[in-house]
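Subject: Structure handover

Hello,

Please look it over first; my notes on what was found follow below.

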Amino acid sequence: MTTKTVSFATKARRPGRVATMLMAAGLAVLAAPGSVWADDLEKVTFRTNWFPQAEHGGWYHADSQGTYEDYGLDVDMAPGGPQVNNLQLLLGGQADFVMLHSSGQILNAVEEGLPVVALAAFYQKDPQIIMTHPGVGNDRLEDLKGKSILLSQDAHQSFWPWLKQKYGYTDEQVRPYTFQMGPFIAGPQVIQQAYVTSETFVVKQAGIEPNVFLLSDNGWESYSTMIVTTRKTLEERPEVARKFVEATIEGWYQYLQDPAATNEYIHGLNENQGPDQLAHSLREMDERGIVLSGDALTGGIGIMTDKRWQDIYKQLVSLDLIDESVDPTKGYTTEFVGTEAIHDIMARYPDVSGAGSD
């Protein structure tokens with residue numbers, strides 16, 4: 001993958017609403033670099049879990065279009081990648097907040113005694129899928145028993161035990177997934193894991209309309225793409241945590257309302273994310289309800305609930321992925337989601353949130 005290298009500390013941003021109002025009043029000097037206004041911003045470090053992409057559009061919108069500044073934050077944001085361990089960065093004090101993919105990562109950390117806390121879940125549905133070719137006898141998840149499936153190592157600690165439990169699959173079916181799409185495109189019998197927002201684009205470009213089995217629509221409970229911090233940061237900087245969550249949530253509503261400028265920005269950071277790929281990812285997120293579905297329709301983007309976390313905990317215990325002794329409430333807080341402030345944000349974007357449909 002070719003990704004352009006940029007300086008996240010010096011990249012140009014559109015002035016936020018506060019700065020725009022100041023400049024309109026003839027006080028632009030207050031928003032200039034090194035000014036008192038700029039120096040008053042709270043500094044925050046945040047790390048995503050992959051290269052710049054539409055799947056992280058709300059963060060890139062808030063970062064590039066001034067939303068974080070509107071909330072009084074100066075966010076040092078940098079992408080992850082296959083060699084980046086966000087949990088290590090967080091626990092090592094190299095980031096205030098990080099993006100982690102799954103609820104299982106959080107509860108495994110709790111089981112190990114690590115002081116991590118999820119603050120918001122931006123994907124109500126995990127975008128993980130199983131993908132097959134149509135018309136070759138693999139048109140249902142039930143059809144895949146006994147057949148070879150390409151899987152990554154991470155799958156064995158998340159959704160694969162659930163698939164084995166629910167559909168009777170066995171480890172003898174597993175073949176290594178190298179994140180290359182050539183085998184799938186060339187082989188009609190190839191079955192593999194994928195993200196509904198990414199690999200599906202590549203195979204459709206090759207003229208294949210794959211069967212897509214979104215695991216979240218078939219009983220996989222995990223939240224995905226969460227803001228996570230340490231217990232220490234939450235206790236010492238609760239207001240910064242609140243601002244970061246709320247600004248990111250508003251960034252997501254803004255991005256979903258009008259993604260054009262942010263998509264150009266993302267493409268500038270990652271040339272592999274062209275207009276067609278970005279449009280495909282957004283369309284899949286929208287049509288599949290990845291960000292906006294379930295509790296998020298009433299409680300807002302980022303929502304987490306005690307009930308959902310209990311369901312996740314029970315599922316992971318049943319799969320022997322965590323011990324029954326784990327207290328799931330130690331791994332998350334709902335303090336910053338589903339609040340009156342989030343409902344106020346929803347009301348500002350009724351076309352996205354549905355707040356104006358009543």
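After helix H15 comes Asp320, which has a positive phi, near 60°. Please keep in mind that this is a predicted model.

H15 itself covers residues 306–318. Its 13 residues should span 18 Å at 1.5 Å a residue, and the end C-alpha atoms are 18 Å apart, so the two values agree. The buried residues of H15 are Arg308, Trp309, Ile312, Tyr313, Gln315, Leu316 and Val317. Among the elements that cover them are H6, E4, E10 and helix H7 (159–167).

Two of those covering elements, E4 and E10, belong to the sheet. This is an open sheet of five strands with mixed pairing, in the order E2-E1-E3-E10-E4. Strands E2 (73–78) and E4 (116–123) are at the edges with a single partner strand each, so one side of each has no neighbour in the sheet. From one strand to the next, the twist averages 30°.

Strand E3 has pairing of both kinds. With E1 it runs parallel, joined by two bridges. With E10 (residues 224–230), E3 (residues 97–102) runs antiparallel, and four bridges join the pair.

- Arg47 is opposite Val98 in E3.
- Val98 is in turn opposite Val228 in E10.
- Met99 is opposite Ile227, also in E10.

In general, side chains in a regular strand alternate between the two faces of the sheet.

Two helices pack on this sheet. Helix H3 (residues 57–64) touches strand E1 (42–47) as well as E2, E3, E4 and E10, and its direction makes about 130° with that of E2. Helix H6 (residues 103–111) touches E3, E4 and E10, and its direction makes about 110° with that of E3. E3 is largely enclosed by the rest of the structure, because five of its six residues are buried, that is, under 20% relative accessible area.

The remaining item is helix H11 (residues 238–257). Its 20 residues should span 28 Å at 1.5 Å a residue; the end C-alpha atoms are 29 Å apart, which agrees. Of those 20 residues, 14 are buried, so H11 too is largely enclosed by the rest of the structure.

Regards

Methods: Residues numbered from 1 in each chain as written. Predicted model: local features only at pLDDT ≥ 70, side-chain atom pairs only at ≥ 80, totals over all residues. Heavy atoms only, no water. Expected span 1.5 Å × (residues − 1). Buried < 20%, exposed > 50% of the residue type's maximum accessible area, 1.4 Å probe, protein only. Pairing = 2+ DSSP bridges. Axes fitted to C-alpha atoms, helices over the stretch in contact; angles between N-to-C directions. Contact = heavy atoms within 4.5 Å.
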